[in-house]
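Student: I've got a structure open and I'd like to talk it through. Can you walk me around it?

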Amino acid sequence: AVTEVLGEKAFAKLSDVDVPIDLVDVFRSAEFVDAIVDECIALKIPAIWIQEGIVNEPAALRAHAAGMTVVMDRCIYRDYRRECLPAK
């Protein structure tokens, strides 16, 4: 729906991205995850992170069976803060 977000080019489909993708971070409702996983598998993307509150077990299992690293129902920013930033 947009061509740019925060100064970065936006793409309608993963296959439109013109650089290698190492992780897809999903912020879509669970019903959209199947199609995203299918595209990731087709493009041989190695990892998918499905954000907190989004659960689609069949899609996650399919991604894992295809050899992808899968994280589901977790917040990437919260995990980054906990694991990568010094404790206050």
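This is a predicted model: local features need pLDDT of at least 70, side-chain atom pairs count only at pLDDT 80 or more; totals for chains, interfaces and linings use all residues.

Student: OK, new topic. Which residues have the most contacts inside the largest nonpolar core?

Tutor: Val24, Val26, Val33, Cys40, Ile48 and Ile50, in a core of 16 residues. At least two core residues come from each of β3 (24–26), α1 (30–43), β4 (47–50) and α2 (57–65). The largest share is from α1, with four residues.

Student: What does Val33 touch, not counting residues up to four places away in sequence?

Tutor: Val26, Arg28, Ile50, Ile54, Asn56 and Ala59.

Student: Let's stay on α1. Which of its residues are buried?

Tutor: Val33, Ile36, Val37 and Cys40. Looking down the axis of α1, the buried residues sit within an arc of 105°, so they line one face of the helix. Their cover includes β3, β4 and α2.

Student: What's exposed on the other side of α1?

Tutor: Glu31, Ala35 and Ala42 are exposed there.

Student: How does the span of α1 compare with what it should be?

Tutor: It agrees: 14 residues at 1.5 Å a residue should span 20 Å, and the end C-alpha atoms of α1 are 20 Å apart.

Student: What about Leu43, where is its place?

Tutor: Leu43 is in helix α1. With a relative accessible area of 37%, Leu43 is partly exposed. Setting aside neighbours within four places in sequence, Leu43 is in contact with Leu14 and Ser15. Its C-alpha atom is separated by 16 Å from that of Ala59, which is 16 residues apart from Leu43 along the chain.

Student: And just after α1, what does the backbone do at Lys44?

Tutor: Lys44 takes a positive phi of about 60°, and this is a residue other than glycine. Lys44 belongs to the loop between α1 and β4. Its relative accessibility is 73%, so Lys44 counts as exposed.

Student: Next one, Asp73. What's its phi near?

Tutor: Near 60°, again a positive value in a residue other than glycine. You'll find Asp73 in the loop between β5 (69–72) and α3.

Student: How accessible is Asp73?

Tutor: Asp73 is partly exposed, at a relative accessible area of 36%.

Student: Last one, Asp79. Is that buried or exposed?

Tutor: Buried, with a relative accessible area of 8%. Asp79 lies in helix α3, which covers residues 76–84.

Student: Which side chain does Asp79 make a polar contact with?

Tutor: Arg82: the two side chains are joined by a polar contact of 2.9 Å.

Student: And what else is Asp79 in contact with, leaving aside neighbours within four places in sequence?

Tutor: Trp49, Arg74 and Cys84.

Methods
Residues are numbered from 1 along each chain as its sequence is written. Side-chain values use heavy atoms; hydrogens and water are left out. A nonpolar core is a set of buried Ala, Val, Leu, Ile, Met, Phe, Trp, Tyr and Cys residues joined through side-chain atoms within 4.5 Å. Buried means under 20% relative accessible area, exposed over 50%, partly exposed in between (1.4 Å probe, protein chains only). Contact means heavy atoms within 4.5 Å. The expected span of a helix is 1.5 Å times one less than its number of residues. The arc is that of the directions from the helix axis to the C-beta atoms. A polar contact is a pair of N or O atoms within 3.5 Å; within protein, one must be able to donate a hydrogen and the other to accept it, and residues adjacent in sequence count only if both atoms are side-chain atoms.
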